[in-house]
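Subject: Structure for you to look at

Hello,

Here is the structure, with its sequence. My notes on what was found follow below.

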Amino acid sequence: MEIAIRKLTTIEEVHLIKPLEEKVWQSAAVPLHQLYTAIQNGGLLIGAFDEDRLIGFSYSFPGFRNGSVFLCSHMLGIDPDYRSQGIGRKLKEKQLIEAERMGYELIVWTFDPLESRNAYLNLAKLHGICSTYLENWYGEMADGLNQGLPSDRFKVEWWIRSERVQSAWKPDEIQFERPCSISYTASGQPQIREVAGQFRPGADGYEIPVPSNIQQLKKTEPSLAYDWRMQLRAIFQQLFADGYAAVGVRRSDSEEGICYYQLVRRGTIPL
């Protein structure tokens, strides 16, 4: 199967987005006139096609803060029938190419830190970094993916011209410490049993656990999913305040249902 990835520019192409967006998020779509206006004024819309069928897209618009312009990557959606085929990564790689042509150096976006699959793409594959935790960022959300938990988010920084991105820098030489211990419920779901009272000053890096399938956990044990949200909120807020940044996700070979965020001192990342 050959998937074509291309930039979308016409109003006719914009009209292809609405049904896919509603299918992915199970909620009302962004108004098409807003999408079209954004991409005619510094925004970017990328589509993935299986022949003539749109099966994925990314949407971004310009942002501005402290005298600097950057690209806000607001949505990335893949048709459920086409997931786990690397299409999201292809969309982001095309986004990088087009954004660089447009003169951008930084792309930012948010994602739920409990969604380990998204984390793996954003940090381990695309080499973004995160040192900003946004607490209940969107308030209560009622769509099919987000309902049931406070809408906490990681803010990803994708410095597309940096050594971190261009050379795929990874913290291979760092010895990671694990301040959290894991146990399992009677139904076999992972939970944080305890967290070290204080993170060791001067540690080079930490590995912090996250469930590998939060959507399943929300359905089967919603109170445990909420506990994960609160535990990780406190941990990441402390580590980010202490100068650490998330740069990777490691899938565990020995622990069922767990992945690990990898955090290093932000000053050690080549940007």
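**What was found**

Phe-61 counts as partly exposed, with 29% relative accessibility, while Tyr-59 is buried at 2%. Here buried means under 20% relative accessible area, exposed over 50%, and partly exposed in between (1.4 Å probe, protein chains only).

This is a predicted model, with residues numbered from 1 along each chain as its sequence is written, and local features need pLDDT of at least 70. Side-chain atom pairs count only at pLDDT 80 or more, totals for chains, interfaces and linings use all residues, and side-chain values use heavy atoms, with hydrogens and water left out.

**Aromatic rings**

Rings of Phe, Tyr and Trp (its six-membered ring) pair if their centres lie within 6.5 Å; planes under 30 degrees apart count as stacked, over 60 as edge-to-face and the rest as tilted. The count is 12 aromatic pairs. The Tyr-59 and Phe-61 rings are a tilted pair, because their planes are at 50° and their centres 6.0 Å apart. One aromatic cluster is formed by Phe-111, Tyr-133, Phe-154, Phe-236, Phe-240 and Tyr-261.

Two rings have a charge over them: Lys-92 has its charged end 3.5 Å from the ring centre of Trp-109, and Arg-251 lies over the face of Tyr-120, 3.8 Å from the ring centre. The rule asks for NZ of Lys or CZ of Arg within 6 Å of the ring centre and within 35 degrees of the ring normal.

**Helix H3**

Helices (H or I, at least four residues) and strands (E, at least two) are DSSP runs, numbered from the N terminus. In helix H3 (residues 32-39), the buried residues are Leu-32, Leu-35, Ala-38 and Ile-39. They lie on the same side of H3, because they cover an arc of only 130° around the axis, taken from the directions from the helix axis to the C-beta atoms. Their cover includes helix H1 (11-14), helix H2 (17-25), strand S2 (44-50) and strand S3 (53-65).

**The whole chain**

The chain has eight helices and 13 strands. Its radius of gyration is 19 Å, close to the 18 Å that the globule rule gives for 271 residues, so the chain is as compact as a globular protein of that length. That radius is taken over C-alpha atoms, and the rule is 2.2 Å times the number of residues to the power 0.38. Of the 271 residues, 51% count as buried. Among contacts (heavy atoms within 4.5 Å) between residues at least 6 apart in sequence, 67% join residues at least 24 apart.

Regards
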